[in-house]
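Subject: Structure handover and notes

Dear colleague,

I am passing on the structure below, and my notes on it follow. Please read them with the model open beside you.

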Amino acid sequence: MDERTKKLKEIKDEILHLSSSPLYADRIRDKVFPVIGEGNHFAKIVFIGEAPGKNEAETGRPFCGRSGKLLDEFLKSINIPRESVYITNIVKDRPPKNRDPLPEEIEIYAPFLDRQIEIIKPKVVVTLGRFSMQYIMNRYGLEKELGSISDLHGKVFETKIAGEKVKVVPLYHPAVAIYNQHSKETLMEDFQVLKTFI
Ligand code: URA
């Protein structure tokens, strides 16, 4: 097993036993799984969503329900195979009834996300939705550039993570495109910017 896979597995094992999380008891009661992340451990692009939904918690895989179908569609439109990127969330367990993640939930899971990013060392971090946008921009020195996602979506920001240059691209969450054709078109257009990074 390569070094990255080994370190990512350590993260998985820690999250599996994270009984201090406020979402742990629900996971055990509902007999569902945490969603750690999946994809290429040497990916150039890492996508960060919000938290698992029902399908994701049932399978342990990120973005495998309706939002995932849309994400797949957007990736396909720019010829990026899903297996070539890494996909994860800030919060690794499903919040009840898919409610927004609470600050204390983000606080407990975000250090795992930081570690995943530092292990994979992507050139581009794509945030999906406002929670991951806010977290990543605050965490990696872009707090002065923060604004509403309607102003920032599709823009490219430059920062450094562990001394390496990284681009941060905030995008809308694919779920906004489920019932809204206009948002779907916006996401489709915004995804085009990623083409320049592959
Ligand atoms: N929404 C997310 O933010 N993440 C998933 O994995 C699925 C839906």
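At 22% relative accessibility, Glu-38 counts as partly exposed, on a scale where buried means under 20% relative accessible area, exposed over 50% and partly exposed in between, with a 1.4 Å probe and protein chains only. This is a predicted model, in which local features need pLDDT of at least 70 and side-chain atom pairs count only at pLDDT 80 or more, while totals for chains, interfaces and linings use all residues. Residues are numbered from 1 along each chain as its sequence is written, and side-chain values use heavy atoms, with hydrogens and water left out.

Salt bridges

The structure holds 15 salt bridges, the term standing for a side-chain nitrogen of Lys or Arg within 4 Å of a carboxyl oxygen of Asp or Glu. Glu-38 takes part in one of them, with Arg-82, at an N to O distance of 3.1 Å. This pair links distant parts of the chain, since Glu-38 belongs to strand β1 (residues 38-39) and Arg-82 to the loop between α4 (66-77) and β3 (86-89), 44 residues apart; helices (H or I, at least four residues) and strands (E, at least two) are DSSP runs, numbered from the N terminus. Arg-82 is buried, its relative accessible area being 14%. Both residues also belong to a network of salt bridges that links Glu-38, Arg-61, Asp-72 and Arg-82.

A further salt bridge joins Asp-100 and Arg-130, at 3.4 Å from N to O. Here too the pair links distant parts of the chain, with Asp-100 in the loop between β3 and α5 (103-120) and Arg-130 in helix α6 (residues 130-139), 30 residues apart. Asp-100 is partly exposed at 38% relative accessibility, and Arg-130 is partly exposed at 41%.

Within helix α1 (residues 3-16), Glu-3 and Lys-6 lie 3 residues apart, about one turn of the helix, and they form a salt bridge whose closest N and O atoms are 4.0 Å apart. Glu-3 is partly exposed, with a relative accessible area of 47%, and Lys-6 is partly exposed as well, with 41%.

The ligand

On the side-chain part, an N or O atom of Asn-89 is 2.7 Å from a nitrogen atom of the ligand. Taken alone the ligand exposes 230 Å², of which the protein buries 93%, the areas coming from the Shrake-Rupley method with a 1.4 Å probe.

Loop residues

Lys-31 is in the loop between α2 (24-29) and β1 and is exposed, with a relative accessible area of 72%. Lys-97 is found in the loop between β3 and α5 and is exposed at 78%.

Gly-141, in the loop between α6 and α7 (149-152), is exposed too, with a relative accessible area of 55%. Its C-alpha atom is separated by 14 Å from that of Val-125, 16 residues apart along the chain.

Key
A polar contact is a pair of N or O atoms within 3.5 Å; within protein, one must be able to donate a hydrogen and the other to accept it, and residues adjacent in sequence count only if both atoms are side-chain atoms.
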